[in-house]
Amino acid sequence: MNLRLHIWRQAGPDATGMLKTYDVANVSEHMSFLEMLDVLNEDLIGKGEIPIAFDHDCREGICGTCGMVINGRPHGPVAKTTVCQLHMRTFKDGDEIYIEPWRARAFPVMRDLIVDRGSFDRIMQTGGFISVNTGNAQDGNTLPISKINADHAMDAAACIGCGACVAACPNSSAMLFTAAKVGHLGALPQGQTERSTRAMNMVLQMDVEGFGACTNHLECEAACPKGISVEFIAQMNRDYVASVFGGRD
Amino acid sequence: MRAFGDVWRSNIFQKWVMALTGLMLVLFLIAHLTGNLLIFMGAEHMNEYGHSLRELLHGSAIWLARGGLLVAFVLHVWSAILLTRRNRAARPQKYVKTDWRTSTMASRSMALSGLLILVYVLYHLAHFTLGTVHSQYYAGQTGWEYTLANGTVVPDVYRMVIASFQEPLITTLYVLSMVLLGLHLNHAVASAFQTLGVTNRRISPLVRFLGPVLGIGVALGFCSLPLAVIAGLVH
């Protein structure tokens, strides 16, 4: 199939970016979206032009590195799919496709489709961990966890930190990401000791980074490649206010 | 514990302020609507109700309610301005193309519908409570007294409502504002419960159903007054 792509090109963090139009011919429907961009880049390199910069790593939908907004939807039109797992059979011959980077003040564009997601790392550094004295691994089953809690924690831990929730949110809010991390550790016994300071510190860091506030559009849940539920946001709202009124520091 | 200032300024705390004050205002709306619907029971009931509101607790109840409402309203608007500004600032560069999946026109225009409702509330108070606009219909003017069955002379609120809604301008503004209010509530109610964290997998469907039901119910309830007046059902 033949496609017309409108891709955001920006030379650097402070450069002015703009959409540039590229025609790609003979795209196989079996290609992933990233492979299609690889083909375009080969072509650009052959012509002596600068290839399009985009983030990617595992290309099997589990690492959270790739991500771009395709026709107004983070990771493209297919639900619960990362862009590396999006296949060209989703599109048809002659389609025009708009490709833009994640847009948020807290995710500054580095180059073309690559954004700096260091703000997520800094949120994690304020509370996305448990403090334990390391040593030998403890014996199996010494810390019983019910199936319900284990499943609940796993639902949240499925977050790969790609940032699609922020990209999808009309307010560029990082609530779903942060709530998944708070909810994951909060569902397990190991996470209870620091539960209240974790919610407090991660929420305040989220504000410091300049993410917006949640207005409950639920766009994040719809865009999340792992289908993380907004029920974790409700739980983080509870945990945060509980830590305001009863928390220890 | 963190300094209270840090917490107070945080987005989630401001959202709690907005949700709690918003739910207070929804409760007020339901009470207000219940009072309004007394119009269908006739002048005696409505005027007596209006009189009893002003007399309750020797006249102090209405001022307590007004004080509470003013605080709720100011905090609601304050948090709305603060959060809207932050949300706008969080995405300095807009997308060229957007394709929304779950958000609605109502949910994305809460600030606008809220602002228009605020303007309407001020106008509404100037009309029905203060009598500074449309003063020819004001119930407090001389010649508009109503004598209750027990002999008390009170302002004829019933007549004020009927006379006002016979004016096309008043009715049009009223109906338009109630449609905006319905749209606002449509998103607001479910959103408030989610922010307060009372939702979970079982409750969420119920809460998301409650918003549109309350939005449509409140808007239709209020609109029933002018429509009944135009249709000549109450006179």
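Reader: What span should helix H4 of chain B have at 1.5 Å a residue?

Author: The 30 residues of helix H4 (residues 60–89) of chain B should span 44 Å, and the end C-alpha atoms of this helix are 44 Å apart, which agrees. Please note that this is a predicted model, in which local features need pLDDT of at least 70 and side-chain atom pairs count only at pLDDT 80 or more, while totals for chains, interfaces and linings use all residues. Residues are numbered from 1 along each chain as its sequence is written, and chains are lettered from A and ligands numbered from 1 in the order in which they are written.

Reader: Which residues of H4(B) are buried?

Author: They are B:His76, B:Ser79, B:Ala80, B:Leu83, B:Arg86 and B:Asn87. A residue is buried if 20 or more other C-beta atoms, placed from the backbone, lie within 10 Å of its own, exposed if 12 or fewer, and partly exposed in between.

Reader: What do they pack against?

Author: The buried residues of H4(B) pack against H2 and H6 of chain B. Contact here requires that the C-beta atoms of two residues, placed from the backbone, lie within 7 Å.

Reader: Turning to B:Phe28, where does it lie?

Author: B:Phe28 belongs to helix H2 (residues 11–36) of chain B. This residue counts as partly exposed because it has 15 C-beta neighbours inside 10 Å.

Reader: And why does B:Tyr138 count as partly exposed?

Author: B:Tyr138 counts as partly exposed because it has 19 C-beta neighbours inside 10 Å. It lies in the loop between helix H6 (110–129) and strand S1 (145–147) of chain B. Not counting residues up to four places away in sequence, B:Tyr138 touches B:Gly131 and B:Met160.

Reader: In what order do the strands of the open sheet stand?

Author: Five strands of chain A form this open sheet, in the order S2-S1-S5-S3-S4, with mixed pairing. Two strands pair if DSSP finds at least two bridges between them. The edge strands, each pairing on one side only, are strand S2 (18–24) and strand S4 (73–74) of chain A.

Reader: Which pairs are parallel or antiparallel?

Author: Strand S1 (residues 3–9) of chain A pairs with S5(A) in the parallel sense over four bridges, and A:Ile7 stands opposite A:Ile99 there. S3(A) and S5(A) are antiparallel, with two bridges; A:Ile70 has A:Ile99 as its bridge partner in S5(A). Strand S3 (residues 69–70) of chain A also runs antiparallel to S4(A), joined by two bridges, and in S4(A) the bridge partner of A:Ile70 is A:Arg73.

Reader: How is chain A divided into domains?

Author: Chain A comprises domain 1 (3–100) and domain 2 (117–131 + 144–246), with bounds that come from an automatic or database domain assignment. Their centres, taken over C-alpha atoms, are separated by 29 Å. The contact between them takes 12 residues from domain 1 and 10 residues from domain 2.

Reader: And how many residues does the contact of chain A with chain B take?

Author: That contact takes 40 residues from chain A and 40 residues from chain B. On the side of chain A that touches chain B, the largest share, nine residues, comes from H8(A). That side divides into 19 nonpolar, 12 polar and nine charged residues. Ala, Val, Leu, Ile, Met, Phe, Trp, Tyr, Cys and Pro count as nonpolar, Asp, Glu, Lys and Arg as charged, and the others, Gly among them, as polar.

Reader: Finally, which residues touch the most other members of the largest nonpolar core?

Author: Of its 105 residues, these are A:Cys165, A:Val166, A:Leu176, A:Cys220 and A:Ile233. The largest share of this core, 12 residues, comes from helix H8 (residues 168–195) of chain B. A nonpolar core is a set of buried Ala, Val, Leu, Ile, Met, Phe, Trp, Tyr and Cys residues joined through C-beta atoms within 7 Å.

Key:
Expected span 1.5 Å × (residues − 1).
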